Amino acid sequence: MLQKPKGTIDILPKETAIWHEVEKVIRECTAAAGFNEIRIPTFELSSVYKRGVGDTTDIVQKEMFTLNDREGTEFCLRPEGTAGVVRSVIENSLYNEPMPLKLYYLGPFFRYEKPQAGRSREFYQFGIEMFGAETASADAEVIALGDRVIKKLGLKANLNINSIGCPDCRPKYHDALRDYFKSHEDELCGTCKERLVKNPLRILDCKSPICGAIADGAPKTIDHLCEGCNSHFETLKATLDALGIEYGINPRIVRGLDYYRKTVFEFISDDIGAQSTVCGGGRYDGLVQQLDGPALCGIGFGMGLTRIILALKAKAEKGEMQLPEIGQPLLYIAPMGEKGVMYAMKTVAALREKGIYAETDVVSRSLKAQMKYADKIGAKYVLVVGDNELENNVAILKNMRDRDDSKEVELDAVVNLIG
Ligand code: ATP
Ligand code: MG
């Protein structure tokens with residue numbers, strides 16, 4: 001039997017109803033905040049990510065799905081959204097639009113990872129990017145949008161923030177970090193030994209518990225910020241306070257991508273297991289220039305929808321919320337005889353024209369089988385229509401959920417009565 005590739009999921013019709021609800025909330029929240037959708041390719045030249053995400057990141061070192069075309073050019077299935085959006089902003093000169101430029105995207109992303117709950121090789125992300133706004137208000141606006149989407153979905157997630165400084169203050173911090181980790185060098189994992197030379201900040205992000213325990217005692221970025229970064233962070237905290245958005249400060253958040261500076265943040269869900277980061281983001285002021293664009297600052301986040309759905313399902317399982325279900329017809333018309341079929345086809349079409357879900361028989365079932373089927377698909381009303389009913393222009397509109405509510409109706413008035 002053919003099987004789907006390892007680490008991918010089939011989202012079956014019973015579940016897409018949940019996805020639609022999530023996407024609806026996202027589209028409402030982004031529209032109300034003035035973020036417009038951008039759709040970019042699902043693969044790019046590998047250099048977009050190598051240069052955009054950073055050579056020392058897990059994404060580039062271990063997680064890229066690469067493919068070559070027949071001329072030998074190397075492409076990569078998109079592992080994240082920001083680098084591709086930045087490429088598009090530069091290529092389409094969107095930096096000439098009124099600033100700030102506010103964009104969002106929604107779709108599948110790909111990382112070569114070890115699949116487990118909440119971690120797949122194809123996963124869905126909603127992300128936003130805001131360009132051309134360097135104040136802490138912009139950071140707060142972006143964080144507030146993430147917070148709003150999570151809350152509107154009925155979820156609870158803890159917000160953790162940190163500042164990882166800028167190219168002015170980071171070298172001094174890197175020195176302090178290097179000194180600290182040097183004294184623990186023997187205990188670090190192989191990858192972190194390399195990180196010690198290339199990018200000591202990455203060690204803070206290591207998933208190994210031993211490196212994690214060492215990282216807990218490491219010097220904190222927020223103690224080494226320059227004046228500009230420090231006042232930016234203070235203003236962000238004050239703005240989040242003013243907005244009533246609760247947060248904690250987590251000095252170990254550095255995020256998995258090299259392009260971040262100043263503000264970084266994560267939302268952690270209470271409702272799912274180990275892979276509990278449902279949203280992560282930060283400021284990337286140097287990235288546009290790094291990809292040969294103009295000096296244009298930016299901030300954004302990526303929200304893992306696969307994990308959001310897991311959290312929603314976990315909450316529903318605990319009875320704390322109800323998930324949307326597959327649509328059920330308001331009316332099922334069970335025709336008997338050729339004229340009945342014509343009436344049913346016409347009436348169902350007229351109701352559908354009005355946007356009402358109506359069904360009838362298209363597989364020549366017996367009346368008994370039709371009634372069973374109507375019940376199975378949860379039809380609210382059933383109308384049995386044969387030659388007799390058509391002659392007299394009346395039939396019984398049977399309420400399948402409340403037998404006492406069944407009544408006689410005129411056939412030519414059904415569309416107006418129900419619609
Ligand atoms: P993690 O630490 O969990 O690997 P990350 O730092 O690699 O996350 P980002 O690159 O910031 O994640 O991506 C943003 C969000 O996308 C994550 O917070 C998560 O919700 C989701 N995400 C990332 N990788 C995966 C994956 N392999 N499967 C499902 N969701 C993912
Ligand atoms: Mg990761």
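Which side chains meet in a salt bridge at 3.3 Å, N to O? The side chains of Glu359 and Arg352 do. A salt bridge here is a side-chain nitrogen of Lys or Arg within 4 Å of a carboxyl oxygen of Asp or Glu. Glu359 is buried, with a relative accessible area of 17%. Arg352 is partly exposed, at 44%. The class limits are under 20% relative accessible area for buried, over 50% for exposed, and partly exposed in between (1.4 Å probe, protein chains only).

The model is predicted: local features need pLDDT of at least 70, side-chain atom pairs count only at pLDDT 80 or more, and totals for chains, interfaces and linings use all residues. Residues are numbered from 1 along each chain as its sequence is written, chains are lettered from A and ligands numbered from 1 in the order in which they are written, and side-chain values use heavy atoms, with hydrogens and water left out.

Ligand 1 is considered next. It is surrounded by 16 residues. The closest are Arg111, Glu113, Arg119, Arg255 and Thr277. A residue counts as near if one of its heavy atoms lies within 4 Å of the molecule. By class, the shell around ligand 1 holds 4 nonpolar, 6 polar and 6 charged residues. In this scheme Ala, Val, Leu, Ile, Met, Phe, Trp, Tyr, Cys and Pro are nonpolar, Asp, Glu, Lys and Arg are charged, and the others, Gly among them, are polar.

Polar contacts to ligand 1 involve both backbone and side-chain atoms. A polar contact is a pair of N or O atoms within 3.5 Å; within protein, one must be able to donate a hydrogen and the other to accept it, and residues adjacent in sequence count only if both atoms are side-chain atoms. A polar backbone atom of Ser120 is 2.9 Å from a nitrogen atom of ligand 1. Lys207 places a polar side-chain atom 3.1 Å from an oxygen atom of ligand 1. An N or O atom in the side chain of Arg307 is 3.1 Å from an oxygen atom of ligand 1. Taken alone, ligand 1 exposes 590 Å², and the protein buries 91% of that. Accessible areas come from the Shrake-Rupley method with a 1.4 Å probe; for residues, only the protein chains shown count as cover. Two or more residues of the shell come from each of β6 (122-131), β10 (277-283) and β11 (298-304). The largest share, 3 residues, is that of β10. Helices (H or I, at least four residues) and strands (E, at least two) are DSSP runs, numbered from the N terminus.

Salt bridges number 23 by the rule above. Side chains of opposite charge can pair when their charged atoms come close. Glu15 and Lys313 meet through their side chains at 2.6 Å, N to O. Glu15 lies in helix α1 (residues 13-32) and Lys313 in helix α11 (residues 305-317), so this pair ties together parts that are 298 residues apart in sequence. Glu15 is partly exposed, at 26% relative accessible area. Lys313 is also partly exposed, at 26%. A salt bridge of 2.8 Å, N to O, joins the side chains of Arg87 and Glu44. This pair links distant parts of the chain, with Arg87 in helix α4 (residues 82-91) and Glu44 in strand β2 (residues 43-45), 43 residues apart. Glu44 is buried, with a relative accessible area of 6%. A network of salt bridges links Asp271, Lys315, Lys318 and Glu320.

Thr8 is in the segment before α1. Its relative accessible area is 19%, and Thr8 is buried. Thr57 sits in the loop between α2 (46-52) and α3 (58-62). Thr57 is buried, at 0% relative accessibility.

Val341 belongs to helix α12 (residues 338-353). Val341 is partly exposed, with a relative accessible area of 31%.
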